[in-house]
Amino acid sequence: MEIKLDSVKGIGPSMLRILRNQGLWSTYDLVLNYPKRYEDFSITSLEKANDKETITTHATIISELKLNRFGKGGFVSFKARILDKTIDIVAFGKGYLIKSFAKDEEVIIKGVYHLFKRQINASAVIKVDKKVPLKPIYGIEGIHDKTMMNVMETIFLNNQVSIFETIPKEYLEKYKLLNRLEAYQKLHLPKTIEDIHQAERRFKYEEAFYLQLRLASKKTTNHPRPPKPYDIQKVKDLISTIPFELTGDQKEAVNDIFRDFKKDHASYRLIQGDVGSGKTMVALISIYAVITANEQVSLMAPTELLANQHYQYFKSLMKDANIALLTSKTKNKIQLKEDIKNGKIDLLIGTHALIENDVIFKNLGLVVIDEQHKFGVNTREELIIKSNAKDVIYLTATPIPRTLALIAFGDSHVSVIKEKPKHRILIETKYITKDRIQEMYDLMHSAIIRKEHIFLVVPAITSEHVTDNIETVYEEIKEEFSAPIFVLHGKLPYEEKELIMEQFIYTPGSILLSTTMIEVGIDIPTATFIGIYAAESFGLSQLHQLRGRVGRGNKPSFCYLLSTKEDIERLDLLSKVNDGFQLSEYDLISRGPGDFLGVQQSGYLKFNFLDLATDYQVLIEAQKNVQELLSKPDFKTNTAYKYLNKYMIESIKI
Ligand code: ADP
Ligand code: MG
């Protein structure tokens, strides 16, 4: 039942017009249009107030009110007694006060207190008996907030709005949440700050609940398949050939994956681990297990460099498996595709080329996506859809903040590798201006003497706009260093890139000058130094990724951030924080959630109340509740579910 606004007492024709212009047509619209903020009239103490602090205080007017002309406008002045002090009150642009108040009246004054002048510049003077400690601010041009407040009072008092509950009663009771009507009422007409908090609590939960419901309704489809018959003995044999002991977190992640394999339906899992935490090994063991179950695996990497490195690495450790590399540059693709189709290839490693239509597997059992955040949503989905296998492992070194991981994957599908391999030494990160570059050169010289590898990264190949680019930096360093300098950038042909990378790896004590193409994944344990030019032009997580190219062995490593600008917050932060998880929380706050999930329209991640950075617990609870709700046979008759169907279903992709 919709109640039109012209039937509400207190809304005249001109107000009606303004409201309609704002898209507010019914009382329900008005209720949904809650105050933007509140002016707080709860009393603060003058005794403890500092100079220029905003205070709200009881006062007695002890002089006549005077209107002073001043420039175009004017101000009202009077004296007031507050506690035992006499204070001058001035109120600019509030001529109407003259008519509203008189000597000896008790008032509440809000304003900025000037301690030494004994003066308050009042922003509000109100009657004591109003008992409105919190004044809602709607900020609708042409309508006084006071008028809006009266209208809202009328609407709620006369039950001129019908607000039905959308959350199952049991959860309202469980978490002691206000019902929807109460919550809106408290949002519009709060008596205390606590009222607002209570209302916000309810709406946070409501938003989390609906988000989870939407996500769940997308994900309830389980694809049945028999448990994977992997050969545990063979897997153990492989593990025994690994030249190091797995970290506890790596073991945990492997166990999580193997548990998924044993289920009777396909599953997906996100492995989150900071740069250098050893995700590749987790993938390798899982991939091998699937191969022992006589199923094929595809592993997709975002760059050819990385795909190639994986190819070499997997070949060296899985000697009894048939491994192939497919990139856009692969020769004799026809034969390779034939082999894939016939099941001769156990593991296919590659880039986007893997999702070409004519790549057909005989028996694909697992898809692994390395550095998944580097792929667009569509690429990821396409690969999964065509795989038909549906078992998917995502690896990412840009840890998604916990809340987002939960939203995108669900809590039970995320494994976190926090622990770094033993003997890792923290990468020492320094942020310097370019005039101190000699300090960096000195360290580079020592690294070269120790036969270690050095990366120098610039934001561009050549450009009038970027002073630090491949060309200029090459000129600068070729005088300084006699060590071999290799140059790598995206414009080079593929074969050449590979060759340069290979030469660099096999030339200890050399420098690789490159654009950000080395950003993801590349692993050179003897790389101990990275210098990033014009560091201010990179994002926080990109810098962290770049830094992750060093410190992957057990040698002390350095990351130098060069900038012409001083005091760049994220560069400072990076030099203090080594933990990618912590950095990603910061990134979430500064960039918003859309970036993380690679979701173009992140509109559905915009909330009015829920805060993705802090409300993890709310999301977890809501997720549990939604699962419980959906497991009930009659869930489709539930009001909450009906409501979802009616109002909320929209296409989302993660
Ligand atoms: P990322 O998580 O960034 O993909 P990698 O898997 O490339 O990291 O591993 C980084 C380096 O650490 C590699 O050289 C790898 O061989 C090594 N490594 C991985 N796990 C361990 C471990 N448990 N102990 C010692 N070194 C390890
Ligand atoms: Mg990696």
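I began with the strands, taking helices (H or I, at least four residues) and strands (E, at least two) as DSSP runs numbered from the N terminus, and counting two strands as paired if DSSP finds at least two bridges between them. The model is predicted, so I kept local features at pLDDT of at least 70 and side-chain atom pairs at pLDDT 80 or more, while totals for chains, interfaces and linings use all residues. Residues are numbered from 1 along each chain as its sequence is written, chains are lettered from A and ligands numbered from 1 in the order written, and side-chain values use heavy atoms, with hydrogens and water left out.

I looked up E5 and its neighbours. In E7, I found Gln 119 as the bridge partner of Asp 88; E5 and E7 (residues 119–127) run parallel and are joined by 3 bridges. On E4 (residues 73–82), I noted antiparallel pairing with E5 (residues 85–92) over 8 bridges, with Ile 82 opposite Lys 85. These two strands, E4 and E5, form a hairpin with 2 residues between them, and Leu 83 in the turn has a positive phi of about 55 degrees.

I then turned to ligand 1 and listed its polar contacts (pairs of N or O atoms within 3.5 Å). A polar side-chain atom of Thr 280 lies 2.7 Å from an oxygen atom of ligand 1, a polar backbone atom of Gly 278 is 3.0 Å from an oxygen atom of the ligand, and a side-chain N or O atom of Gln 250 is 2.9 Å from a ligand nitrogen. For accessible area (Shrake-Rupley method, 1.4 Å probe), I noted that ligand 1 taken alone exposes 560 Å², of which the protein buries 88%.

Terms used:
Polar contact = N/O pair within 3.5 Å; in protein donor to acceptor, adjacent residues only side chain to side chain.
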